[in-house]
Amino acid sequence: MTQTLPQPQDVGALYDKLTLSAMRDGSFNTNVHIGYWDSPDSTATIDEAMDRLTDVFIEKLGVDASSHVLDLGCGVGGPGLRLAGRTGARVTGVSISAEQVKTANKLAAETGLSARAVFEHADALNLPFQDSSFDAVMALESICHMPDRDQVFREIFRVLKPGGRVVLTDIFDRYPRKEVRSPGIDKFCRDLMCTTADIDDYVPMLHRAGLRLHSIDDITEQSTLRLADEIEKLGGFEERPVAMDEGNFEFSEDAFKPGDLSGADDFGCLLAVAVRP
Ligand SMILES: C[S@@+](CC[C@H](N)C(=O)[O-])C[C@H]1O[C@@H](n2cnc3c(N)ncnc32)[C@H](O)[C@@H]1O
């Protein structure tokens with residue numbers, strides 16, 4: 001299966017538009033990610049589940065007030081600010097979207113966290129940081145937008161201090177040998193500029209960069225699959241193309257809508273933790 005590789009400048013433009021559009025239409029959320037439901041009987045709302053995913057990251061990062069954390073693909077800052085507030089760690093976030101960076105720094109000021117959380121416009125494939133700058137890296141739903149995962153992991157290895165860890169989520173084809181994948185996945189990847197990872201190559205890829213695997217979990221049931229169910233329950237929400245922006249986006253009739261992933265159990269989500277030895 002060939003996938004179109006997202007180009008960072010295009011991803012930046014997409015998130016600029018999504019950010020401005022969400023502010024205009026009132027759907028702005030400080031989290032730009034999926035949720036995490038601990039169990040099938042969890043009654044968490046989507047907003048609660050989004051915060052829960054950040055909290056799972058915080059638990060796995062194991063950082064404290066002496067740590068400096070890189071938030072790779074920081075969105076509008078919600079997760080990084082939550083981490084800074086909860087652990088006292090210093091956070092530097094980077095996003096390829098200038099609008100997101102502006103918004104994240106504004107939120108940091110509004111929440112009194114500017115001294116500990118700073119957001120910069122940068123490309124994860126070529127980070128403007130010296131070697132061994134960070135105690136930990138979090139990449140929450142951002143690597144799927146990057147055209148060269150090997151290069152991203154080399155950069156993560158380079159900027160991590162020895163002993164530092166990276167916690168990340170990524171999307172993957174859960175049934176790689178299935179001939180036809182759910183059409184919603186192709187639409188999602190096309191309109192939100194992502195590629196799915198090759199799960200069989202994930203651990204070798206971390207190792208190629210010099211990182212040592214700590215854990216890798218399939219969290220599809222707790223995240224993407226459940227989110228699609230929750231969106232379906234809301235009804236109507238799925239009728240609106242995700243990236244619609246008052247005419248700035250030219251979407252065809254078959255533009256991706258969240259409901260397109262309903263029941264797509266081949267749309268996998270993984271949560272991995274790796275360490276720079
Ligand atoms: C789905 S959002 C997740 C945002 C944030 N981690 C969160 O959970 O709210 C994806 C993020 O990845 C960022 N991103 C994508 N490609 C990037 C790149 N090449 N360099 C830096 N950031 C990138 C986007 O700008 C966006 O902030």
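Author: Threonine 224 lies in helix H8; helices are DSSP runs of H or I with at least four residues, strands are runs of E with at least two, and both are numbered from the N terminus. The model is predicted: local features need pLDDT of at least 70, side-chain atom pairs count only at pLDDT 80 or more, and totals for chains, interfaces and linings use all residues. Residues are numbered from 1 along each chain as its sequence is written, and side-chain values use heavy atoms, with hydrogens and water left out.

Reader: Why is threonine 224 called buried?

Author: Threonine 224 has a relative accessible area of 10%. Buried means under 20%, exposed over 50%, and partly exposed in between, with a 1.4 Å probe and protein chains only. Threonine 224 therefore counts as buried.

Reader: What lies 3.4 Å from a polar atom of the side chain of threonine 224?

Author: The backbone oxygen of phenylalanine 267 does. A polar contact is a pair of N or O atoms within 3.5 Å; within protein, one must be able to donate a hydrogen and the other to accept it, and residues adjacent in sequence count only if both atoms are side-chain atoms.

Reader: What makes aspartate 191 buried?

Author: Aspartate 191, in helix H6, has a relative accessibility of 9%, so it counts as buried.

Reader: Which side chain makes a polar contact with the side chain of aspartate 191?

Author: That of arginine 190, at 2.7 Å. A polar atom of the aspartate 191 side chain also lies 2.7 Å from the backbone nitrogen of phenylalanine 256. Lysine 257 is 66 residues from aspartate 191 in sequence and 9.5 Å from it in space, C-alpha to C-alpha.

Reader: How do you know that asparagine 31 is buried?

Author: Its relative accessible area is 6%, so the label is buried. Asparagine 31 is in the loop between H1 and helix H2 (46–61), and a 3.1 Å polar contact joins its side chain to that of aspartate 51.

Reader: Why is methionine 193 called partly exposed?

Author: Its relative accessible area is 24%, which means that it is partly exposed. Methionine 193 lies in the loop between helix H6 (183–191) and helix H7 (202–208).

Reader: Where does the ligand sit?

Author: In the largest cavity. On a 1 Å grid over the protein atoms alone, a cavity is a set of points where a 1.4 Å probe fits but cannot get out; a molecule sits in it if more than half of its atoms lie within 2 Å of its grid points.

Reader: How many residues surround the ligand?

Author: There are 22, and the closest are Val32, His33, Gly73, Gln100 and Leu140; a residue is near if one of its heavy atoms lies within 4 Å. Helix H1 (residues 8–25) gives the largest share of this shell, three residues.

Reader: Which ligand atom lies 2.9 Å from a polar side-chain atom of serine 95?

Author: An oxygen atom. A nitrogen atom of the ligand lies 2.7 Å from a backbone N or O atom of glycine 73. The protein covers 99% of the 590 Å² of accessible area that the ligand has on its own, by the Shrake-Rupley method with a 1.4 Å probe.

Terms used
On a 1 Å grid over the protein atoms alone, a cavity is a set of points where a 1.4 Å probe fits but cannot get out, and a pocket is an open set with protein on both sides within 12 Å along at least five of seven lines; lining residues have an atom within 4 Å of a point.
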